[in-house]
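Biologist: Please show me the sequence and the structure, and then let us discuss them by question and answer.

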Amino acid sequence: LDPSYYTNFGASISQPLLRNAGIKANTYRIRTAQYNSKIVDTRTKLQAIGIIANVDITYWQLYAAGKLLEVRTQQYDLSKALFEQTERFVGMGLKPKVEVIRTQVSMAEKLEAIIKAENDVRIAERALKRMLNKKSLEMRTKTILIPSTSPDPIRYELDETLMVKNAIENRMELLELELQIAQDSSNIEYAKNQKLPLL
């Protein structure tokens, strides 16, 4: 017959027997992707915990610096009152003139302490602004941050053994290392498989 056609059915299957054989060799890339995903999650959680802890520490540093500034200001006011009182006593002849100089020196020291305390407040304020990273709180803005939450210390009775156990079990960097070790073991196993001959 012209034209004539022939139909044939063919099927073939290829199964590696040595290299790339088995489920572990074929799911290697999936396992690697899963390990990488978990490692990234762990690093993200660790980073978030660090950021929250740093913001908390910086907030209380700002609070402490503000309270220290208040104390320094009160000390200066008392020193100024003492200076005025000493001047009156010297004017009445009840104290020697050297006392006026001594109280002036004390007043100058208190003023210097106020300047240092103000600097510490500004430094803590800028650090907190940098961490908050808000549009209205740029570094050069004149906005002043005033801590509104007062410290409320509470005494806790803590089980030291349980605390240490929980701290070790929940450490994100240890989990990351465990995942890295699991990934390295998988890499070694796959590399050993790849050394086998193709069959």
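**An exposed residue, a core and a pocket**

Modeller: Glu157 lies in the loop between H3 and helix H4 (160-169); helices are DSSP runs of H or I with at least four residues, numbered from the N terminus. The model is predicted, so local features need pLDDT of at least 70 and side-chain atom pairs 80 or more, while totals for chains, interfaces and linings use all residues. Residues are numbered from 1 along each chain as its sequence is written, and side-chain values use heavy atoms, without hydrogens and water.

Biologist: Does Glu157 count as buried or exposed, and why?

Modeller: Buried means under 20% relative accessible area, exposed over 50%, and partly exposed in between (1.4 Å probe, protein chains only). Because the relative accessibility of Glu157 is 67%, this residue counts as exposed.

Biologist: Which residues have the most contacts inside the largest nonpolar core?

Modeller: A nonpolar core is a set of buried Ala, Val, Leu, Ile, Met, Phe, Trp, Tyr and Cys residues joined through side-chain atoms within 4.5 Å. The largest one has 16 residues, and those with the most contacts inside it are Leu62, Leu69, Val121, Leu128 and Leu145.

Biologist: Which elements give two or more residues to this core?

Modeller: The core in question is the largest nonpolar one, with 16 residues. The elements that give two or more residues to this core are H2 and H3.

Biologist: How do the residues of the lining of the largest pocket divide?

Modeller: Ala, Val, Leu, Ile, Met, Phe, Trp, Tyr, Cys and Pro count as nonpolar, Asp, Glu, Lys and Arg as charged, and the others, Gly among them, as polar. The largest share of the lining, six residues, comes from H2. A pocket is an open set of points on a 1 Å grid over the protein atoms alone, where a 1.4 Å probe fits, with protein on both sides within 12 Å along at least five of seven lines; lining residues have an atom within 4 Å of a point. The lining residues divide into eight nonpolar, one polar and four charged.
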